[in-house]
Amino acid sequence: MARPAATRARARRLFDAMPQRNLFTYNALLTTLAHARLLHDMEALFASMPERDAVSYNALIAGFAGANLPAPAAGAYRVLLREEAGVGPSRITMSSMVMAASALGDCALGRQFHCQILQLGFGAYAFVGSPLVNMYAKMGLVGDSKRVFDELEFKNVVMYNTMITGLFRCKMVQEARRLFEVMTDRDSITWTTMVTGLTQNGLESDALDVFRRMRAQGIATDQSIKLAETVFRGMTSRNIISLTAMIVGYGQNGCSEEAVRAFSEMQRDGINPDDYTPGSVISSCANLASLEEGAQFHCLALVSGLMPYITVSNALVTLYGKRGSIEDAHRLFDEMSFHDQVSWTALVSGYAQFGKAKETIDLFEKMLTKGVKPDGVTFIGVLSACSRAGFVEKGRSYFYSMQKDHGIVPVDDHYTCMIDLYSRSRRLKEAEEFIKQMPVCPDAIGWGTLLSACRLRGDMEIGKWAAENLLEIDPQNPASYVLLCSMHASKGQWNEVAQLRRGMRDRQVKKEPGCSWIKYKNKVHIFSADDQSHPFSKGIYEKLEWLNSKMVEEGYKPDVSSVLHDVADADKVHMLSHHSEKLAIAFGLMFVPQEMPIRIVKNLRVCVDCHNATKFISKITGRDILVRDAVRFHKFSNGLCSCGDFW
């Protein structure tokens, strides 16, 4: 944005260079000065104008109002009425004056403006009505506010939002709720107003229900968080409830640093956290923050003396389990004096995620002997563990026990686990029969799981069936095309590959470009295939060359089946050698200390060759490499992967 002095000089030069000046050019310069908040120059120009119209006065009034000077704005309006013959106020003028009266808190002046609005015939306009509704509500005159609202013939979402805000401000919660429910059109501001209003009136549980409804309807929360921050920063007094709500909001929207800062501000302001605050923020950040940021919350919980609280400990067990530090998760679990359902489920899920089937099942059985009742999330962990270990009969037994003995109704994730269970064990026909007997159709993840297994096993018949169903429920999902292309390419069926690609073009389905990222010293380094933009590219590619020669010595052979191009094998090998995760791993080997694991995140499913190569790299370098791809969590250690080579 230009500085005020520069704005003044540029506007003045342009104005002075005009051969003829008229009312239009005067108003243009006046408006520029008003927007730049150059009030002295604005007043001087206004006084020098040979003639003025409503636009001139609107610019003057807007300049004062925008600078939070309602008194001079009201004075300019009085001059307009008193001295300017033939110049009347417009809707814009009256809207500005209502806002000025609201800022002054002058009820009598506000009513005068309201009367003049009615006399001028502007009462039916939402542009004027919205400030009136807001003005009366701010002054506590909610009856007048509601009357203005009801008399407006056409009400838009802005009007509804303003009225709901006013009702909450006057503690009329039920009325605000009723108005919200009759709205046919809601925007993110509507939802944010409801969540904030309910929270400020002590109805945190109800606010959470509204937030869940918002998420269920697909309303984006990235803008909600900005609005919530504006409300939060404008609060005259903050308590533990508002601060915790803000911290959780930051965490859920990936704003981990802001969450840490808000937590620090809370401590600085002398507000002592309760057991819910750190537990909430750790849980919110478990899927989003890096392990280092999660460890900061762990330290804060230790310093605050809140570790004995089960909500805090459970959140930390979940965090470490999800971020690949299962040993730390188990150590924390053992240090807890009491375990509830959440504690056990967090550890069971953590071990299941790592593919440690025996440990997962042993923990689950121990949980049952302790009399702790499992929930649906617990069974997802147990079923996925059985799947990875190939325990088909045991997994099937747990699935039916979940319904019969524990009264848990299966959801999509449970069915997907069962499809995965049969598929991993090469029992694709049984997976097909299981799907046909399901009371509901699999979701996209379920069909994708079966299709992936067919790709791995080379079962084209069931693979086509899975792909057709996946396309039916999600026609824009590129996974079905990519996996089918991979199956045809592995058999050298390039005509079929070309036909599938034409289908993608016709349906405008685009494969998301692959990228991988690694965090080092609080900075995220992002890589794409054949990326040459990184400042350490030279060293990264030299490291890859060294790794490749070592892998070949160990027996590594590039798997070109995932290259969906009909080119020479040498070209395919070159394409594979510079995939994004390999570049990220090479960077990690260069900079991440030897005693620390290398943590990579990839936006797509890791390809067969990269998976195989990473196993070799982990063995050659003696490093643990953790890769979170779009489907699974992979921990590579000493030449093996936790997924059991099925993903």
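## Where the sheet ends: β5 and β6

Phenylalanine 636 has cysteine 641, in β6, as its bridge partner. That pairing belongs to a contact between strands: β5, residues 633-637, is joined to β6 by 2 bridges, and the two run antiparallel. Bear in mind that everything here comes from a predicted model.

Zooming out, β5 and β6 sit in an open sheet of 6 strands, ordered β2-β1-β3-β4-β5-β6, with mixed pairing. Which strands stand at the edges? They are β2 (523-528) and β6 (640-641); each has a single partner strand, so one side of each is left without a neighbour in the sheet.

## Working through the other strands

β1 and β2 run antiparallel and are joined by 6 bridges. Within that pairing, isoleucine 518 has histidine 525 of β2 as its bridge partner.

Next in the order, β1 is joined to β3 by 2 bridges, again in an antiparallel arrangement. Here serine 516 stands opposite lysine 602 of β3, while tryptophan 517 stands opposite valine 601 of β3. Then comes a parallel pairing: β3 and β4 share 4 bridges, and isoleucine 598 has isoleucine 625 in β4 as its bridge partner.

β3 shows a covered face made of Ile598, Ile600 and Lys602. Its uncovered face has Arg599 and Val601. Note that Lys602, the residue opposite serine 516, is on the covered face, whereas Val601, opposite tryptophan 517, is on the uncovered one.

Helix α33, residues 580-591, lies across β1 (515-520), β2, β3 (598-602) and β4 (625-628). Relative to β1, helix α33 runs at about 15°.

## Aspartate 609

Is aspartate 609 buried or exposed? With a relative accessible area of 0%, aspartate 609 is buried, because the cut-off for that label is under 20%. Its place is in helix α34, residues 608-621.

Setting aside residues up to four places away in sequence, aspartate 609 touches Tyr556, Lys557, Pro558, Asp559, Leu576 and Lys582. One of these, Lys582, falls in the 580-591 stretch of helix α33.

Residues 156-186 are 74% helix and 0% strand, with end C-alpha atoms 10 Å apart. For residues 375-410, the figures are 75% helix and 0% strand, and the end C-alpha atoms lie 11 Å apart.

Leaving out residues up to four places away in sequence, phenylalanine 180 touches Ile164, Arg186, Thr190, Trp191, Met194 and Arg213. Tryptophan 191, one of those contacts, is 11 residues along in sequence from phenylalanine 180 and 9.0 Å away in space, C-alpha to C-alpha.

The largest nonpolar core has 69 residues. Those with the most contacts inside it are Leu316, Val317, Leu347, Phe434 and Leu450. Taking Phe434 as an example, and not counting residues up to four places away in sequence, phenylalanine 434 touches Phe399, Tyr415, Met418, Ile419 and Tyr422. Apart from this core lies another one, of 57 residues, including Tyr26, Tyr77, Val133 and Val210.

Serine 313 is in helix α19, residues 310-322. With a relative accessible area of 6%, serine 313 is buried. Beyond its neighbours within four places in sequence, serine 313 is in contact with Met307 and Met336.

## Whole-protein numbers

How many helices and strands are there in the protein? The count is 34 helices and 6 strands. Of the 647 residues, 47% are buried.

The accessible surface comes to about 31,500 Å², and carbon and sulfur atoms account for 53% of that. As for contacts between residues at least 6 apart in sequence, 62% of them join residues at least 24 apart.

Methods. Residues numbered from 1 in each chain as written. Predicted model: local features only at pLDDT ≥ 70, side-chain atom pairs only at ≥ 80, totals over all residues. Heavy atoms only, no water. Core = buried A, V, L, I, M, F, W, Y, C linked by side-chain atoms within 4.5 Å. Buried < 20%, exposed > 50% of the residue type's maximum accessible area, 1.4 Å probe, protein only. Contact = heavy atoms within 4.5 Å. Pairing = 2+ DSSP bridges. Axes fitted to C-alpha atoms, helices over the stretch in contact; angles between N-to-C directions. Areas by Shrake-Rupley, 256 points an atom, 1.4 Å probe, with all protein chains shown as cover.
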